[in-house]
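Below are some comments on the structure, as numbered points. Please read them alongside the coordinates.

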Amino acid sequence: MGLTIGVDVGGTKIASGVVDEEGRILESGVRHSPAGSPEKMALTIAEAVTDLAGRHEVEAVGIGAAGFIDETRSVVRFAPNLAWREEPLRKKVSELVDLPVVVENDANAMAWGEYRFGAGRGESHVVCVTVGTGIGGGIVLAGDLYRGRWGMGAELGHTQAVPGGRACGCGNQGCWEKYASGSALLVDAKENAQADPSSAVHLLELAGSVEGIKGEHVTEAARRGDAASLAAFASLAGWLGQGLADIAAILDPGCFILGGGVSGAADLFLDGVRDEFAARLTGRGHRPLAEIRVAELGPAAGVVGAADLARLR
Ligand SMILES: [Zn+2]
């Protein structure tokens, strides 16, 4: 026994899996995410769960959802990229699947997965920073997931890095994720290529035009030594290192874990993040340096973490 189901709900897909007590995925599935319809979303999640529960004896379900989840782990108050507004997701899904359900923020679920079974194993104070389209955060303090008073904690991407800076989807300006995410990498690379095309020969060759530049082009061009792309990665590293130093000033974790899609290109920026972190950390020289590691579980971290949090509910 001891099997639970984890579901990771994003804007484009719903990943699900049966997970055992050791964090191993016994069977997994992927469905298209009906992001525009809360009703279809609950039904699709329930279908994914019912399908897996038909072949495995499971005791609970954990849903990691890309949104602001209330402190009772039941209601999605708001999801910037999905249609949920005050959505009673726990109630809807548990009625459809007849199993106990908990709802977690997706970045919290990922952080928990990495803390328990991935790059954070053996640590007690872990901050997970998910670097993708935006920046997600998850905080484990003294072995507990930190959710805040209202369940809204650890939204690290929306701390202000630049007063009056780039407009953010959250309604504020200059948020950290506008400078230190995959989207920011793309914006910077395009700006660099526009300003000096001669520095972006590889990038423009791969993309065809400035408008055609995509994230994978920036990564590939950087590996070929493209100056504009390397500069974009250097900027990303600088903003990430500065942000981690700020977080360390507040939380003093033993370990940071960088996850999300951009962490797949960590060889292009991890050293830069570590250097900037060490150069910006308050009290540097008189305190241990937190380790900065790359996530180990990949896209499965959300499913594994959500499933484990359901077991511990
Ligand atoms: Zn923001």
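**Notes on the model**

1. Aromatic pairs. The count of aromatic pairs comes to five. In one of these, the ring centres of Phe233 and Phe269 lie 6.1 Å apart with the planes at 15 degrees, so the pair is stacked. Phe233 belongs to helix α8, while Phe269 is in the loop between β12 and α9; the two are 36 residues apart, and the pair links distant parts of the chain. Both Phe233 and Phe269 are buried. As with everything below, this is read from a predicted model.

2. Main core. The largest nonpolar core has 42 residues, and the members that touch the most others are Val129, Trp176, Leu240, Leu244, Phe256, Phe269 and Phe277. At least two residues of this core come from each of β9 (126-131), β10 (135-141), α5 (182-195), α6 (201-207), α7 (215-223), α8 (227-251), β12 (255-259) and α9 (270-280). Helix α8 gives the most, with ten residues.

3. Leu240. Apart from neighbours within four places in sequence, Leu240 is in contact with Val131, Ile135, Trp176, Ala180, Phe269 and Val273. Phe269, the stacked partner of Phe233, is thus also a contact of Leu240.

4. Second core. A separate core of 28 residues is also present, with Ile14, Ala35, Ala42 and Ala79 among its members.

5. Zinc site. Which atoms coordinate the zinc ion? They are ND1 of His158 and the SG atoms of Cys168, Cys170 and Cys175, at 2.0 to 2.3 Å. The angles subtended by the four donor atoms run from 106 to 120 degrees, which makes the arrangement tetrahedral. For reference, the ideal angle for four tetrahedral donors is 109.5 degrees.

6. Zinc donors along the chain. The spacing of the donors is H-x9-C-x1-C-x4-C. His158 and Cys175 both lie in the loop between β11 (144-145) and α4 (177-180), so the pair ties together parts that are 17 residues apart in sequence. Their accessibility can be stated for each: His158 counts as partly exposed at 26% relative accessibility, whereas Cys175 is buried at 2%.

7. Arg149 and Trp150. The charged end of Arg149 sits over the ring of Trp150, 3.8 Å from the ring centre.

8. Glu22. This residue is found in the loop between β2 (13-19) and β3 (25-32). With a relative accessible area of 51%, Glu22 is exposed. The C-alpha atoms of Glu22 and Val304 are 9.5 Å apart in space, although 282 residues separate the two in sequence.

Note on methods. Residues are numbered from 1 along each chain as its sequence is written. This is a predicted model: local features need pLDDT of at least 70, side-chain atom pairs count only at pLDDT 80 or more; totals for chains, interfaces and linings use all residues. Side-chain values use heavy atoms; hydrogens and water are left out. A nonpolar core is a set of buried Ala, Val, Leu, Ile, Met, Phe, Trp, Tyr and Cys residues joined through side-chain atoms within 4.5 Å. Buried means under 20% relative accessible area, exposed over 50%, partly exposed in between (1.4 Å probe, protein chains only). Helices (H or I, at least four residues) and strands (E, at least two) are DSSP runs, numbered from the N terminus. Contact means heavy atoms within 4.5 Å. Donors are N, O and S atoms within 2.8 Å of the metal (3.2 Å for Na, K and Ca); water is not among the atoms, so sites may look incomplete. Four donors count as tetrahedral if all angles lie between 85 and 135 degrees; four count as square planar and six as octahedral if opposite donors are over 155 degrees apart and all others between 65 and 115; anything else is irregular. Rings of Phe, Tyr and Trp (its six-membered ring) pair if their centres lie within 6.5 Å; planes under 30 degrees apart count as stacked, over 60 as edge-to-face and the rest as tilted. A charge sits over a ring if NZ of Lys or CZ of Arg is within 6 Å of the ring centre and within 35 degrees of the ring normal.
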